[in-house]
Amino acid sequence: MPCGSANVFARAVGLPGDPLGATRVVLEALRAGRHRTVGLGSASYDGVTERYFTFCGGVGLDAEVVREVERRRDEGARADPSLYVRTAVRHFFSGTDRRRPAVTLEVPGRPAESGLFLAFVSNTSPWTFVGSLPVNPSPKANFSRGLDVFGMRSLGVAPTLAALAQMLVARTRPVQGRNVLNVHDAAELTLRAERPVAFQLDGDYLGEREHIVFRAVPKAVRIVI
């Protein structure tokens, strides 16, 4: 049931954004016996911890923004889309390290990709929402496939704005650009960092990590819809 500030997973499976409307849809589906099976992602870190996620994970700038938003919420701020936007803009210009990339992406069967400032791992599309506006770095991501990755080799103002503009209008193809990295339908991937970097799953901040293994988990859960 939708109960968060963005409700990305609920929207992705077709539920209305309000709890009453979603309850009505679920009750109708229960009566009719309708359901579907979706895949999840898993992230393993610290050598022992494995955590499932429904729609996205990330290291770098987006996780830093999540960390700051959670701090602001603890201080009483309301978690609406404007808080995320204001925090992201302020942190981009005055908080994150835009000079020293720390992240390397490893996908079995492919050369390692180093020099990344951030990486988004998507299990579905969109990656998130700003109010009613979808943000879509990996439009081909799907619950029935593997994991998609979007990465940035530069956090310069021009390439970042160009990538963001594509995320807001992209519907069928991933973000393109000289400083952009895309991976589609990966069964497993690893993100390594030269120093501890911020890490989030499904919008929950999980601390700073240096080594995270992501795996696609096909047909993981059955949902009533």
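**Notes on the model**

1. About 40 Å³ of space lies in the largest cavity. A cavity is a set of points, on a 1 Å grid over the protein atoms alone, where a 1.4 Å probe fits but cannot get out; grid points are joined across faces, edges and corners, and a volume is the space filled by probe spheres set on the points. Searching the whole structure gives one cavity of 30 Å³ or more. This is a predicted model, in which local features need pLDDT of at least 70 and side-chain atom pairs count only at pLDDT 80 or more, while totals for chains, interfaces and linings use all residues. Residues are numbered from 1 along each chain as its sequence is written, and side-chain values use heavy atoms, with hydrogens and water left out.

2. The lining of the largest cavity includes Val59, Val103, Arg192, Val197 and Arg209; lining residues have an atom within 4 Å of a point. At least two lining residues come from each of β11 (188-201) and β12 (204-224), where strands (E, at least two residues) and helices (H or I, at least four) are DSSP runs numbered from the N terminus. By class the lining has six nonpolar, one polar and three charged residues. Here Ala, Val, Leu, Ile, Met, Phe, Trp, Tyr, Cys and Pro count as nonpolar, Asp, Glu, Lys and Arg as charged, and the others, Gly among them, as polar.

3. The second largest pocket holds about 210 Å³ of space. A pocket is an open set of points with protein on both sides within 12 Å along at least five of seven lines. Of its 19 lining residues, Glu64, Thr96, Asp97, Arg195 and Val197 lie nearest the centre. Strand β11 gives the largest share of this lining, four residues.

4. Glu208 pairs with Arg67, with the closest N and O atoms 3.4 Å apart. Glu208 is in strand β12 and Arg67 in helix α3, so this bridge ties together parts 141 residues apart in sequence.

5. Glu106 and Arg192 form another salt bridge, at 2.8 Å between the closest N and O atoms. Because Glu106 lies in strand β4 (residues 103-106) and Arg192 in strand β11, the pair ties together parts 86 residues apart in sequence. Arg192 is partly exposed at 37% relative accessibility; buried means under 20% relative accessible area, exposed over 50%, and partly exposed in between (1.4 Å probe, protein chains only).

6. Strands β11 and β12 are linked by Glu188 and Arg215, which are 27 residues apart. The closest N and O atoms of this salt bridge are 3.4 Å apart. Separately, Glu68, Arg71 and Glu75 are linked in a network of salt bridges.

7. Some backbone details deserve a check. A cis peptide bond joins Ser125 and Pro126, with omega about 0°; Pro126 sits in the loop between β6 (118-122) and β7 (128-130). Asn7, in the segment before α1 (8-12), has a positive phi near 55° and is buried at 18% relative accessible area. Asp185, in strand β10 (residues 180-186), has a positive phi near 60° and is partly exposed at 32%.

Technical notes. Salt bridge = Lys/Arg side-chain N within 4 Å of Asp/Glu carboxyl O.
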